[in-house]
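Please look over the sequence and the structure below before reading on.

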Amino acid sequence: MTLLCNMDQSRAAAFAEVFERALPEGVPFSFDAASVDPDDVRYLLSWLMPEDIERYTNLEIMFSTGAGVDQFTSDRLPANVKIVRMVEDGIVRMMQEYVALSVLMLHRNFIGYKEHQNKALWQAIDQPQTAQRRIGVLGLGVLGQAVLDRLAPFGFPLSGWSRSAKSIPGVTCLSGDDGFEQLIATSDILICLLPLTDETTGMLDAPLFSRLPKGASLVHVGRGRQLDHQALLDALDQGHLASAVLDVTEPEPLPTDHPFWSHPRIMLTPHIASVTQPSTAAIAVSDNIRRHLQGEDLIGLVDRNRNY
Ligand code: NAP
Ligand code: GLV
């Protein structure tokens, strides 16, 4: 009953140090696919699905090293294999930092002031108070809820949208098509924290941008394939949207001649909003293996019909 880990040497040591003491007794681990007996592999931890996944005929759980599982081609896994996404404190904390920083930067017009600075222009920009800047979050999962919690003390009116109806103190929780329309129409800063699925692919598109309030901004930390690049450029260049912070694009990395690199109203980062932290991620995997062995619910279990 082995846990096989597929990752860079540079990260393996930090995971190994925690696995030594945190994995349940009787569950050895290996970072070397060539030296394990494939029949012994019950648990696999990886970002991508290995090319030779079919050789692990006794696999029970496929763990993602990241929060997303869209990179797995799950139709190659037998139906009985569970897929588990990464739910760990490091990812959560970094996403809270990134989104809070982006929202405050947009709220306080830092993108506009950078343009002023480039022109040596010492001039204030009209500044609404937080109570007048409405925040909308697409996706009320682990990360959507965590960023809303971190934003709450600033006093922004907060809304969020998810597939199922939710109740979160201090947040207007919306769902369904009507809820979606309401969220879009009332988001001065829209944050995308949806998983990539067939339903969410391409949803940040021209019709959505046109229904955001004039002067709205986007913070995109979901997945690149959710965003129509040209539609965003058009909405910015026509002045309907004010600015965008983008952490994810399609493709990654972006080609060097892509217009996002030099757009004055886009802040671009190379998919670093959250980075899985080995010390806490290894604890999360160990705890899930213990849960599995004891017949308890797994944390981050993916619904294989919904793909998130
Ligand atoms: P999660 O806990 O699974 O939450 C997903 C949320 O999206 C849920 O609230 C879900 O609704 C909602 N949702 C999914 N499909 C929907 C649809 N078609 N319509 C309406 N709502 C829908 O996921 P998470 O841990 O918060 O992570 C979210 C995503 O963030 C990941 O999948 C990944 O793509 C991205 N991410 C990015 C980075 C980065 O560095 N940029 C890092 C980590 C994660 P229900 O609650 O009703 O199911
Ligand atoms: C990063 O994008 C992740 O899914 O953890």
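What follows describes a predicted model, taking a sheet and then a ligand.

Begin with the sheet. Five strands form an open sheet with parallel pairing, and their order is S2-S1-S3-S4-S5. At the edges are strand S2, residues 29–30, and strand S5, residues 82–84; each of these pairs on one side only. Within the sheet, strand S1 (residues 2–6) and strand S3 (residues 41–46) run parallel and are joined by five bridges.

Now turn to ligand 1. It is surrounded by 27 residues, and the closest are Leu143, Ser164, Lys166, Asp247 and Tyr308. By class, the shell around ligand 1 divides into 13 nonpolar, eight polar and six charged residues. Helix H4 (142–151) supplies at least two residues of this shell, and so does strand S7 (158–162).

Several polar atoms of the protein can be located beside the ligand. A polar side-chain atom of Ser164 is 2.5 Å from an oxygen atom of ligand 1. For Tyr308, a polar side-chain atom also lies 2.5 Å from an oxygen atom of ligand 1. At Leu140 a polar backbone atom is involved, 2.9 Å from an oxygen atom of the ligand. Ligand 1 taken alone exposes 940 Å², and the protein buries 93% of that area.

How values were computed: Residues are numbered from 1 along each chain as its sequence is written. Chains are lettered from A and ligands numbered from 1 in the order in which they are written. This is a predicted model: local features need pLDDT of at least 70, side-chain atom pairs count only at pLDDT 80 or more; totals for chains, interfaces and linings use all residues. Side-chain values use heavy atoms; hydrogens and water are left out. Two strands pair if DSSP finds at least two bridges between them. Helices (H or I, at least four residues) and strands (E, at least two) are DSSP runs, numbered from the N terminus. A residue is near a molecule or strand if one of its heavy atoms lies within 4 Å of it. A polar contact is a pair of N or O atoms within 3.5 Å; within protein, one must be able to donate a hydrogen and the other to accept it, and residues adjacent in sequence count only if both atoms are side-chain atoms. Accessible areas come from the Shrake-Rupley method with a 1.4 Å probe; for residues, only the protein chains shown count as cover. Ala, Val, Leu, Ile, Met, Phe, Trp, Tyr, Cys and Pro count as nonpolar, Asp, Glu, Lys and Arg as charged, and the others, Gly among them, as polar.
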